[in-house]
Amino acid sequence: ILQDKVALVTGSTSGIGLAIARALAAEGVKVMLNGFGPTDDIRSICEELGAVHDGADLSDASAIASMMQRCQAELGAPDILVNNAGIQHVSPVESFPTDKWDAVIAINLTAVFHTTRLALPAMKAQGWGRIVNTASAHSLVASPNKSAYVAAKHGVAGFTKTVALEAARDGVTVNCISPGYVWTSLVENQIPDTMKARGLTREQVMNDVLLAAQPTKRFVTPEEVAALAVFLCRDDAGSITGANLSMDGGWTAA
Ligand code: NAD
């Protein structure tokens with residue numbers, strides 16, 4: 001049933017977004033990729049998936065609008081929108097750089113508003129649509145030194161519920177997935193800052209900070225998140241809307 005549908009997956013040049021793009025493409029979905037990275041790498045992902053790529057910087061509302069127009073022109077209006085792009089910055093709130101705060105809120109939260117408001121009319125008009133937002137365990141609980149990220153992800157969870165209610169009668173479901181720690185560059189890159197902020201070694205950050213929160217004691221895989229995203233796109237998931245689905249190895253159960 002997903003064959004020939006059109007999906008726009010933001011932040012899909014690496015990590016979780018790339019795994020979601022791969023899983024959707026395997027279902028015969030036509031995918032528009034988005035995100036940064038070396039040109040050669042992006043070209044080979046496009047070839048692998050038969051996908052097109054738009055490098056819109058999601059902190060720029062006009063670039064988002066151009067990306068949405070391009071998707072409509074080249075593939076068709078998105079039937080499936082996966083808001084996945086996200087960045088992290090780790091710092092105590094008193095010294096949190098204000099430009100980093102603005103960037104985290106713009107990319108992790110405001111971009112979700114822009115893509116959603118632009119994609120929803122066509123989904124409603126055809127009576128079918130799927131919006132899947134990558135939130136985080138940090139949409140439900142906090143950790144120190146991640147004020148912008150935690151605020152943005154709580155915002156994504158609230159936004160998801162609101163749009164789910166607005167679209168509930170139109171065949172459009174809106175959900176978020178809240179992974180715990182997934183082994184991607186986003187996690188790898190915050191290890192040095194966390195080492196500095198807490199005065200810990202790399203091993204201590206991995207075992208005592210990251211996996212300390214995760215009762216399974218293993219990182220979630222991007223493929224596990226992708227499998228849930230694909231399920232949410234199926235007709236079988238038509239009654240799941242407004243949900244915040246945890247995939248966190250038991251983190252938020254504790
Ligand atoms: P990642 O760094 O591997 O991927 C992030 C993607 O977003 C990349 O494709 C990157 O190019 C893109 N991106 C970054 N800034 C952008 C911008 N301004 N405009 C457009 N694209 C931009 O990280 P990931 O771990 O795969 O993260 C994906 C999502 O999953 C994020 O929303 C993140 O908050 C969330 N998440 C990650 C984890 C984790 O442990 N890795 C846990 C919970 C939630």
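**Ala21 and its surroundings**

Leaving aside neighbours within four places in sequence, Ala21 is in contact with Val9, Ser12, Val31, Leu33, Leu49 and Ala51; contact here is a distance within 7 Å between C-beta atoms placed from the backbone. The model is predicted: local features need pLDDT of at least 70, side-chain atom pairs count only at pLDDT 80 or more, and totals for chains, interfaces and linings use all residues. Numbering runs from 1 along each chain as its sequence is written.

Ala21 also belongs to the largest nonpolar core, which has 63 residues. Such a core is a set of buried Ala, Val, Leu, Ile, Met, Phe, Trp, Tyr and Cys residues joined through C-beta atoms within 7 Å. A residue is buried if 20 or more other C-beta atoms, placed from the backbone, lie within 10 Å of its own, exposed if 12 or fewer, and partly exposed in between. Ala7, Ile20, Ala21, Leu24, Val31, Val225 and Ala229 touch the most other members of this core. In soluble globular proteins, nonpolar side chains tend to be buried together.

The ligand is the next topic. Helix H1 (15-26) and helix H6 (185-198) each supply at least two residues of the shell around the ligand; helices (H or I, at least four residues) and strands (E, at least two) are DSSP runs numbered from the N terminus. The ligand is surrounded by 28 residues, and the closest are Gly11, Gly15, Gly35, Gly86 and Leu186; a residue counts as near when its C-beta atom, placed from the backbone, lies within 6 Å. By class the shell has 11 nonpolar, 16 polar and 1 charged residues. Here Ala, Val, Leu, Ile, Met, Phe, Trp, Tyr, Cys and Pro are nonpolar, Asp, Glu, Lys and Arg are charged, and the others, Gly among them, are polar.

Strand S6 (residues 172-179) is mostly covered, with 8 of its 8 residues buried. On one side these are Val172, Val174, Cys176 and Ser178, and on the other Thr173, Asn175, Ile177 and Pro179. Strand S5 (residues 129-134) runs parallel to S6 and is joined to it by 6 bridges, where pairing requires that DSSP finds at least two. Within this pair, Val132 stands opposite Asn175.

In helix H5 (residues 147-167) lies Phe159, which is buried, with 20 other C-beta atoms within 10 Å. Not counting residues up to four places away in sequence, Phe159 touches Val112 and Phe113.

For the whole protein chain, 43% of the 254 residues count as buried.

How values were computed: Contact = placed C-beta atoms within 7 Å.
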